[in-house]
Amino acid sequence: SITASVVLEQHEQTLVIPQAAVVRRPAGLVVYHLSDNKAREIPVTTGIRQGSKIEILSGAETGDLLALDGAVYLSDGVAVEIKPLTEKNTDRGEKP
């Protein structure tokens, strides 16, 4: 058997985040930016999806601290406890 992948489109210098960080709300897709121990809802426009990653075309920016685990349970302005990432909670069994 043969396994192959075909590149249909390639975008360079684009923001790619885990798809789990993107939440569908009635008004559209959002991510939750974390700062000052609060979650702020940011509407986003998405692009290409590949595996568990998704391209962000507008809304979030490189360097934004975004909620990942439990993002679906957040709402705008809710208080959050920001914990540093560890190797244990960043390994999702994926290979780049």
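This is a predicted model: local features need pLDDT of at least 70, side-chain atom pairs count only at pLDDT 80 or more; totals for chains, interfaces and linings use all residues.
Strand β3 spans residues 28-35 and pairs with β4 over six bridges, in the antiparallel sense. V30 has P43 of β4 as its bridge partner.

E55 lies in strand β6 (residues 53-58). This glutamate is buried yet has no salt bridge. The nearest side chain of opposite charge belongs to R49, 9.3 Å away; a salt bridge requires a distance within 4 Å. The E55 side chain does make a polar contact with the side chain of T14, at 2.9 Å. Residues up to four places away in sequence aside, E55 touches H11, T14, L15 and V16 as well as T45, T46, G47 and I48.

L74 sits in the loop between β6 and α1 (87-90). Its relative accessible area is 16%. Buried means under 20%, so L74 counts as buried. Beyond its neighbours within four places in sequence, L74 is in contact with R25, Y32, A39, A67 and V80. L74 and A39 are 35 residues apart along the chain, and their C-alpha atoms are separated by 7.2 Å.

How values were computed. Residues are numbered from 1 along each chain as its sequence is written. Side-chain values use heavy atoms; hydrogens and water are left out. Two strands pair if DSSP finds at least two bridges between them. Helices (H or I, at least four residues) and strands (E, at least two) are DSSP runs, numbered from the N terminus. Buried means under 20% relative accessible area, exposed over 50%, partly exposed in between (1.4 Å probe, protein chains only). Lys and Arg count as positive and Asp and Glu as negative; His and the chain ends are not counted. A polar contact is a pair of N or O atoms within 3.5 Å; within protein, one must be able to donate a hydrogen and the other to accept it, and residues adjacent in sequence count only if both atoms are side-chain atoms. Contact means heavy atoms within 4.5 Å.
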